[in-house]
Amino acid sequence: MKRIIKKVAVLGSGVMGSAIACHFANVGIEVLLLDIPPKELNAKEKASKLKLESKAVRNRIVNDSLRNSLLSKPSPIYSQSFASRISTGNFEDDMEKISKVDWIIEVVVERLDIKKIILEKVDQYRKPGSLVSSNTSGIPINLMIEGRSEDFQKHFLGTHFFNPPRYLKLLEIIPTPVTDKSVVQFTMDFGSKILGKTTVLCKDSPAFIANRVGVFSIMALFHLVEEMDLTVDEVDKLTGPVLGRPKSATFRTCDVVGLDTLVHVANGLKDNCPDDEQNALFTLPGYIGKMVENNWLGSKSKQGFYKKIVDKEGNSQIVSLDLKTLEYKEKQRVKFPVLELTKSVDDLKARMKMLYSAKDRAGEFYQRSFNGLFSYVSMRVPEIADEVYKVDDAMRAGFGWELGPFETWDAVGLVDSYTKAKENGYQFAAWVEEMINDGFKSFYIIEDGVKKYYHIPTKTYTAIPGAEKLLSLEVVTHSNTLWKNAGSTITDLGDGILNLAFHTKMNTIGNEIIQGINKAIDMAEEGYKGLVISNNGQNFSAGANVGMIFMLAVEQEWEELDLAIRMFQNTTMRIRHSHIPVIVATHNMALGGGCEIAMHSDKVIAHAETYMGLVEFGVGLIPGGGGTKEFAERLSDELHEGDMRSNQFRNRFLTIGQAKVSTSAYEAFDLGYLRKGIDEVIVSKEHQLSYAKSTALAMANKGYIAPLRRNNIKVLGKEALGLVYVGAHSMMSGNYISKHDQLISEKMGSVMAGGELSQITEVSDQYILDLERKAFLELCSQRLTLERIQSLVKTGKILRN
């Protein structure tokens, strides 16, 4: 029988429970959020003469928790309007309502006795066949089903969401021996397709997969820091983005998570894993114990490995902890030769190999930390997982590593690193030695267009389950690259659809990407059906290469700059008017020029975590790649008569003028970057490319006709310009904006209004593009003049006015 999830109950409204409720609301599911009722009135309730029996009092805990969650930053919800999908109640008055839901998720405090009390009530009220799961970071799942009905046990499993659930993609699925296999498969598929998670099937072992490996990695590093006499600043420099890991690196991450939380998990692993060969590493170093004793737990206690201090003048600075003296000191600039050497190396796998092979102190750190990690994960298979890809999936999705442990091992060179590590006394699981002796040189290969992993029982490479159903840009690039330059790559996705991927720094748009877009459209128009523009970078695109633009301005290469802007405009217009459908699949930052590329496509398939905006105003310019034109065109299509017309213009103008960036793809619709009824949002990043391809194919097969160039764009002329001039002058007079900001506002307003036209007029898209380019060039010149004046003021060559 097909299972459909229409409504979910979340039991427990703490930080995690409320955030899980919000994420189910994010994907369009109705949520019932329950928690305990309070035992006494608070001061506000007493002042309002409420009674303990009042509904507002009974639901105070759950309502306050949800409200706090919705106000938290970063937000747990894609759009505040989605909060209406969540209703609240309490365990005593509303528990029977769970009989109407399809999935019940218990998220109460991490105590087995309390969880069992709640689950007993769930068993009493749930409808047969409904799913039941417990969100826990380490309590054995099988202990929770003792005494429960047979139907409950068949439909029960562990679901370990990582915090915050909206942003961290890992969902560990932990069945019991009696969980129905169809329930496990459904939860895995639902988590992936609907919740957008990387679902990893785990064994019911202590801390499951990600926390077992992740906490080991942190604890091993805590001890290595002492042995190598490294500082907090040095370690965070060595273990952050240079390794393809979050900016918070190690110690800042510990501050965010909370040192008490980390210590709790580490102590649990020490107690529950007596046979772990690295059990001693879970013993807390002295400085960690002292920090806990001092309540230096991180962000929650205002100090941990880092601390923010404010002097008498109100100036703030971040200081870091000296682990030997336990005193805070000014952060020191960190320099290691190998870090300087790898600055220009964008390929993470190549950079990993260089870091591991370095001969300096940083190289020693990487060798010791990586060798310890490689040893540990080899020993954990098959204890925590039977397959190596599950360990890598868990660490990528749960800890934000771009490469999992076994992928990292491949990157540094499996055979050579294994040999050297053995010589230095590191021990590895027997299956690794057998694998290498049998001639296997890596844990992963791409073969016949499929990514495969080393399967230990059969001693062969086997396709990762489900991989054949999903398009992987990594695999396609390896197997079907048709053309490439320094900044972009064209690949064949199959069925007549091409893909263009960017791979510049931050995927900023320069000549290579402009060339790639035009080449991809040329190829698609000549012999293919459609084009997808997507990539696997950290961001879709951070925008145009502003440094190159200002370099041309500084050198006063105005003709060349005009040509560059004209080329970008022509390219975005070609995206719009090519004879094949062009689908743009955005994720994370899609700013400036990246936003303009998306806005000119036939359809955007935006990942839910798309942060889109025209932000050129922030660097003293206006959108020059058709973005200002596009806002004028969209404004024209939605214009109404009377006062509403002025309000619509003002809203569009302020979106660019205030450089507004959406906090989700859904908010991008509200800001006008995405088009309602045309563009779409997908929550699953894994399925995004496949869906974008199928969308391009469907448009082509339906019979695609290129849109005609516009000559009927209504612009408001002086009616809108008056609003802009008065508003900008008023803001400047009140010292809210600078003189240059006033100029930018007037230039942008002039483009969106169509210039100084005396009445509402229909103009062509090229007319507005010409105004846009002219204004952009003039602002480049003005900014250059402004910077020169500021430089002269700073050096004292002219007096400050």
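**View 1. Salt bridges across the predicted model.** Across the whole structure, which is a predicted model, a search turns up 56 salt bridges.

**View 2. Arginine 126 and aspartate 151 form a salt bridge.** Here the closest N and O atoms lie 2.8 Å apart. The pair ties together distant parts of the chain, 25 residues apart: arginine 126 sits in the loop between α6 (112-125) and β5 (131-134), while aspartate 151 belongs to helix α7 (residues 150-154). Arginine 126 is buried because its relative accessible area, 8%, is under 20%. Aspartate 151, at 25%, is partly exposed.

**View 3. Glutamate 434 meets lysine 459.** Their side chains form a salt bridge with an N to O distance of 3.6 Å. Once again distant parts of the chain are linked, 25 residues apart: look for glutamate 434 in helix α20 (residues 430-437) and for lysine 459 in the loop between β13 (450-455) and β14 (460-463). Glutamate 434 is partly exposed, with 36% relative accessibility, and lysine 459 is partly exposed too, with 38%.

**View 4. Lysine 451 pairs with glutamate 474 in a salt bridge.** The closest N and O atoms are 3.3 Å apart. This pair links a strand to a helix: lysine 451 is in β13 and glutamate 474 is in α21 (residues 473-479), 23 residues apart. Lysine 451 is buried, with a relative accessible area of 14%, whereas glutamate 474 is partly exposed at 32%.

**View 5. A network of salt bridges.** In this view, Arg576, Lys629, Glu630, Glu633, Arg634, Asp637 and Arg710 are linked by salt bridges into a network.

**View 6. Hairpins around strand β10.** Strand β9 (residues 306-310) runs antiparallel to β10 (residues 316-322), and the two pair over five bridges. In this pairing, isoleucine 309 has glutamine 317 of β10 as its bridge partner. Five residues separate the two strands of this hairpin, and glycine 314 in the turn has a positive phi of about 90°.

**View 7. A negative surface patch.** Glu555, Glu557, Glu559 and Glu560 make up this patch. Glutamate 559 lies in helix α24 (residues 558-577). Glutamate 559 counts as exposed because its relative accessibility, 72%, is over 50%.

Terms used:
Residues numbered from 1 in each chain as written. Predicted model: local features only at pLDDT ≥ 70, side-chain atom pairs only at ≥ 80, totals over all residues. Heavy atoms only, no water. Pairing = 2+ DSSP bridges. Helix = DSSP H or I, 4+ residues; strand = E, 2+ residues; numbered from the N terminus. Patch = residues over 30% accessible without salt bridge, like charges linked within 9 Å, V, L, I, M, F, W, Y side chains within 5 Å. Areas by Shrake-Rupley, 256 points an atom, 1.4 Å probe, with all protein chains shown as cover. Salt bridge = Lys/Arg side-chain N within 4 Å of Asp/Glu carboxyl O. Lys, Arg positive; Asp, Glu negative; His and termini not counted. Charge placed at Lys NZ, Arg CZ, Asp CG, Glu CD. Buried < 20%, exposed > 50% of the residue type's maximum accessible area, 1.4 Å probe, protein only.
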